Amino acid sequence: MNDQSTISPTTLSIHLTINGRDHALDIEPRVTLLDALRDRLHLTGTKKGCDHGQCGACTVHIDGERVLACLTLAAQVAGRSVTTIEGLAGEDGTLNAVQAAFLEQDAFQCGYCTPGQIMSAVACIREGHAGSDEEIREYMAGNLCRCGAYPHIVAAVRHAAEGLRS
């Protein structure tokens, strides 16, 4: 944290709750949530893909809703709950059902898009959009995979959804 002598007139002091932990940051108003996560808090699971909101690699949850961290200012989420890929697993390291399904279904190749895909898949299932492969593909359309692992991603979402229903 900066001391008062190095804080510029345009610096904001904000408090963020990320993965259940509170963080105090001194940032410029234009710092995106993505940059705050990666550069300030060293939570590098959320990926910077296009930096234009077109690839979904930076998907996180804010108050349970999926959002693109590259298009969200860090100051906008002060006082709200942010969950990143690092926050999905249990305290004991037990993987979330979607994380486990991605491993079981080999739903990644290079793995770069995987955190954003998983965050969107969790929201897809939670919001009831995993009823069919077509519905899964439609809901997950905002997340790009340059390797083309889409059939495995859909299978993983379907597998996790079925497991959570039973």
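Guide: Glu 28 has a relative accessible area of 31%, and is therefore partly exposed, a class that lies between buried (under 20% relative accessible area) and exposed (over 50%), as computed with a 1.4 Å probe on protein chains only. The model is a predicted one, in which local features need pLDDT of at least 70 and side-chain atom pairs count only at pLDDT 80 or more, while totals for chains, interfaces and linings use all residues. Residues are numbered from 1 along each chain as its sequence is written, and side-chain values use heavy atoms, with hydrogens and water left out.

The partner of Glu 28 is Arg 30, and their closest N and O atoms are 2.9 Å apart in a salt bridge, a term that stands for a side-chain nitrogen of Lys or Arg within 4 Å of a carboxyl oxygen of Asp or Glu. Arg 30 itself is exposed, at 66% relative accessible area. Over the whole structure, the search finds 5 salt bridges.

Another of these pairs joins Asp 35 to Lys 48, with 2.7 Å between the closest N and O atoms. Because Asp 35 lies in helix α1 and Lys 48 in the loop between α1 and β3, this pair ties together parts that are 13 residues apart in sequence; helices (H or I, at least four residues) and strands (E, at least two) are taken here as DSSP runs and numbered from the N terminus. Asp 35 counts as partly exposed at 21% relative accessibility, and Lys 48 is partly exposed with a relative accessible area of 31%.

Lys 48 also forms a salt bridge with Asp 51, where the closest N and O atoms are 3.7 Å apart, and in this way Asp 35, Lys 48 and Asp 51 are linked in a network. Asp 51 sits in the loop between α1 (33-40) and β3 (59-62), is partly exposed at 35% relative accessibility, and has a positive phi of about 65° although it is not a glycine. Most residues other than glycine have a negative phi.

A further charged residue, Arg 66, lies over the face of Tyr 139, at 4.2 Å from the ring centre; a charge is said to sit over a ring if NZ of Lys or CZ of Arg is within 6 Å of the ring centre and within 35 degrees of the ring normal.
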